[in-house]
Each structure stands twice: as structure tokens, then as C-alpha cells.
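Here's a quick walk through one model. Have a look at the fold, then read on.

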Amino acid sequence: TDQEMTARIREIKRQFGDALFIPGHHYQKDEVIQFADATGDSLQLAQVSAKQKASTIIFCGVHFMAETADILSADDQQVILPDLRAGCSMADMANDQQTDAAWQELQNIFADTIIPLTYVNSTASIKAFVGRNGGATVTSSNSKKMVGWALEQKQRLLFLPDQHLGRNTAFDLGIPLDQMAVWDPIKRKLEYDGDYQRIKVILWKGQCSVHENFTVKNIEQIRENHPQMQIIVHPECRHEVVQKSDKAGSTKYIIETIEKAESGTEWAIGTEMNLVNRIRKVHPDKKIISLNPYMCPCLTMNRIDLPHLLWVMEELEQGTVCNEIKVEKTIANDAKMALDRMLQLS
Ligand code: 13P
Ligand code: SF4
């Protein structure tokens with residue numbers, strides 16, 4: 001039963017004490033979050049992982065986050081992902097062959113006037129590509145700062161793999177939409193009408209399959225049925241959705257905004273279901289709903305559950321390390337350059 005599993009996990013966690021550290025992303029299920037030593041958004045979890053002394057980190061999040069924890073932790077620390085199927089559809093939208101092809105073509109067009117940036121929601125090898133080419137990683141909490149930094153280095157940038165975060169951030173910095181192009185990795189083509197020299201931002205054609213489900217129609221329905229309700233969304237949502245919302249920001253920003261809001265206020269939130277449900281539970285004095293009535297869970301985040309967590313912990317108790325995430329050394333070194341450039345600026 002869930003109760004038995006919970007009790008066992010608690011017991012094993014107690015045995016390991018400080019030797020075991022469990023970070024949990026805000027989108028994780030409550031049944032998992034209850035065991036987290038630290039909860040946070042991608043940036044916070046990258047920062048706490050970098051400081052960890054525990055010999056074992058069981059990462060409750062998705063694959064790219066566990067890779068980041070491995071890259072930032074010491075060589076003798078091991079990182080475990082309770083279910084290897086916990087990937088991220090967005091991270092999978094950019095692979096090595098695609099970025100190599102894109103970079104070659106973009107160098108042909110723009111020569112040395114372009115710098116790559118990647119959202120942390122990307123594989124270690126994409127981060128390595130970015131690190132090797134002088135660029136940095138970005139999270140939803142620091143994207144404005146990082147895009148600003150990139151444009152101090154070079155005339156234009158390539159933003160991987162989330163076109164929406166890239167577009168929303170660049171727009172906030174005053175870059176007009178007609179100075180943004182889209183790189184289609186499948187067609188290997190730059191989508192842009194006009195003089196290429198005007199382009200400042202090239203957006204990789206990738207997106208989050210969860211945040212994509214919040215639509216302008218959802219917003220119109222809220223405006224009509226609940227005119228007093230405020231709408232707050234994550235910048236992984238489409239540009240039109242962000243523009244029509246009242247507020248937009250990272251997971252951390254959404255949590256803090258609701259915390260600071262007055263009792264009795266009403267909010268429709270455009271982000272992952274587990275987080276929306278948790279915010280609702282923590283603030284019974286406010287009316288909180290999902291912007292999309294179908295709620296929008298992240299299916300891969302949800303793969304981490306009690307049975308998987310218990311399984312890796314029982315194996316650990318027996319001295320077996322299951323599902324270890326180990327990034328190959330040369331990739332890890334290059335990826336670390338990209339992560340360090342971000343962490344120094346954050
Ligand atoms: P943040 O935690 O940076 O807000 O990112 C959201 C997300 O989609 C994580 O997978
Ligand atoms: Fe990936 Fe989106 Fe899920 Fe985050 S919410 S892990 S970006 S699919």
C-alpha cells in the first residue's frame with residue numbers, strides 16, 4: 001500500500017542521513033515531494049545540486065535535470081533518476097545532428113555574429129554544443145538577463161530548444177517579432193521573410209507539450225466567465241497566450257506571486273497540474289484553478305512515483321546503484337562551461 005511504501009522510504013532515508021540528498025522539482029507529485037530535501041524550479045535545483053556534499057543524489061525530476069546535477073556535482077557523487085523513462089519531450093526536440101546541421105548553415109549565413117543559448121531543458125550534449133561555442137544555459141527565472149548578456153557578446157543569438165521562452169523573453173527585451181526567425185530542425189530551414197541581416201534572434205522550433213495546451217480560447221473563456229480572475233502563465237506558453245495574460249513568469253515567480261496576493265483574490269494558472277494543485281492546497285483563502293480545464297499534467301514528470309522511488313532506495317539499501325545518470329566526461333566538461341556562465345551571472 002501507499003502507506004507501507006511511504007513508511008519504508010522514510011526508514012531508508014533515515015538510515016542514509018546526510019549521505020543521501022533528494023531534490024524535487026515543483027512539478028513532481030505530492031507523494032514524492034513529501035520526501036524532498038529541497039524543492040525548487042530548474043535554476044534553484046541546479047544551484048543546490050552544485051553545493052551538495054551527499055554521496056548520493058536521488059533526483060526527483062526529469063532526465064535533463066539529473067544530468068545537470070551530475071555535471072555540477074563532484075566525480076565521486078552519484079546521481080540516480082528513479083525512472084529512466086522520465087524524459088522531456090522538449091529536450092528531445094534538439095539532437096546533435098540537428099544542431100550541427102543548423103550551426104553550419106547559420107555560420108554560412110551569419111559568419112561569426114551569432115552566439116547560442118540553450119534553455120536548461122535540453123540534453124547534456126546540447127549544453128555541451130552551446131558551451132563549446134561560447135554560449136550559456138538559461139532558465140525561465142533568468143532568461144532576460146541571459147538573452148541580454150548574449151546580445152552584449154554578439155549581434156544575434158540562436159535560442160534552443162524552446163521557441164516560446166525565446167520569443168517571449170526577446171519580446172520583453174524590446175526586440176520586435178519581425179526581427180525573430182525560426183529554425184526548423186526537421187526541414188533544416190530558416191523561416192523568415194525579409195533581409196536576413198535584420199534578424200536578431202533565431203528560435204529553435206521546439207516547445208513544451210504541456211504548456212502548449214494553454215490557449216487564447218482558454219483565456220477568453222476565463223475573461224467571460226470569471227471577469228474578476230487574474231491569469232498568470234509560464235513563459236513556455238505561446239506568445240499570444242502570454243500577451244493576453246495578466247502576468248507571466250517562471251515557476252518560482254508564479255508561486256511567489258500567489259503567495260503575495262491578497263486573500264480572496266482569484267487566479268487561473270497556466271502551468272503544470274501538480275504545481276497548480278499544490279498552490280491551491282497551500283492557499284485555501286484564494287480561488288485557484290488551472291487555465292485549461294483539462295489541467296495539463298506533465299506525463300514524464302509523473303513517472304516518478306512511490307514505487308519507483310522505493311525501488312531505487314531499496315536497491316541502494318542493498319548496495320546496488322540503479323538508474324545512475326552519468327554524463328560522459330568530455331560532454332560534461334563542455335556543458336559545464338555553459339552552466340557556469342549562467343550560474344556566475346545568476
Ligand atoms: P522552471 O522550473 O525553470 O520554471 O521550468 C519549468 C519546466 O518546464 C521544467 O520542466
Ligand atoms: Fe519537459 Fe514541459 Fe514536462 Fe517541463 S513540463 S519536463 S518542459 S515536457
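## Helices on a sheet

Keep in mind that this is a predicted model. Helix α7 (residues 143-153) lies across β6, β7 and β8, and its direction makes an angle of about 165 degrees with β6. Helix α8 (residues 163-172) also lies across several strands, namely β6, β8, β9 (180-184) and β11 (201-204), and runs at about 155 degrees to β11.

What's the order of the strands in the open sheet? Reading across, you get β7-β6-β8-β11-β9-β10, 6 strands with mixed pairing. At the edges sit β7 (136-138) and β10 (189-191), each pairing on one side only. From one strand to the next, the twist averages 30 degrees.

Zoom in on β6 (residues 114-119) and β8 (residues 156-160): they run parallel and are joined by 5 bridges. Look for Pro116, which has Leu158 of β8 standing opposite.

Ala268 has Ile289 in β15 as its bridge partner. To get from β14 to β15, the chain goes through helix α12 (residues 273-282), and this β-α-β crossover is right-handed.

In a regular strand, side chains alternate between the two faces of the sheet. As for β15 (residues 287-290), Ile288 and Ser290 make up the covered face, while Lys287 and Ile289 make up the uncovered one.

Terms used
Residues numbered from 1 in each chain as written. Chains lettered and ligands numbered in written order. Predicted model: local features only at pLDDT ≥ 70, side-chain atom pairs only at ≥ 80, totals over all residues. Pairing = 2+ DSSP bridges. Helix = DSSP H or I, 4+ residues; strand = E, 2+ residues; numbered from the N terminus. Axes fitted to C-alpha atoms, helices over the stretch in contact; angles between N-to-C directions. Contact = placed C-beta atoms within 7 Å. Buried ≥ 20, exposed ≤ 12 C-beta atoms within 10 Å, placed from the backbone. Right-handed = clockwise from strand over helix to strand, strands pointing away.
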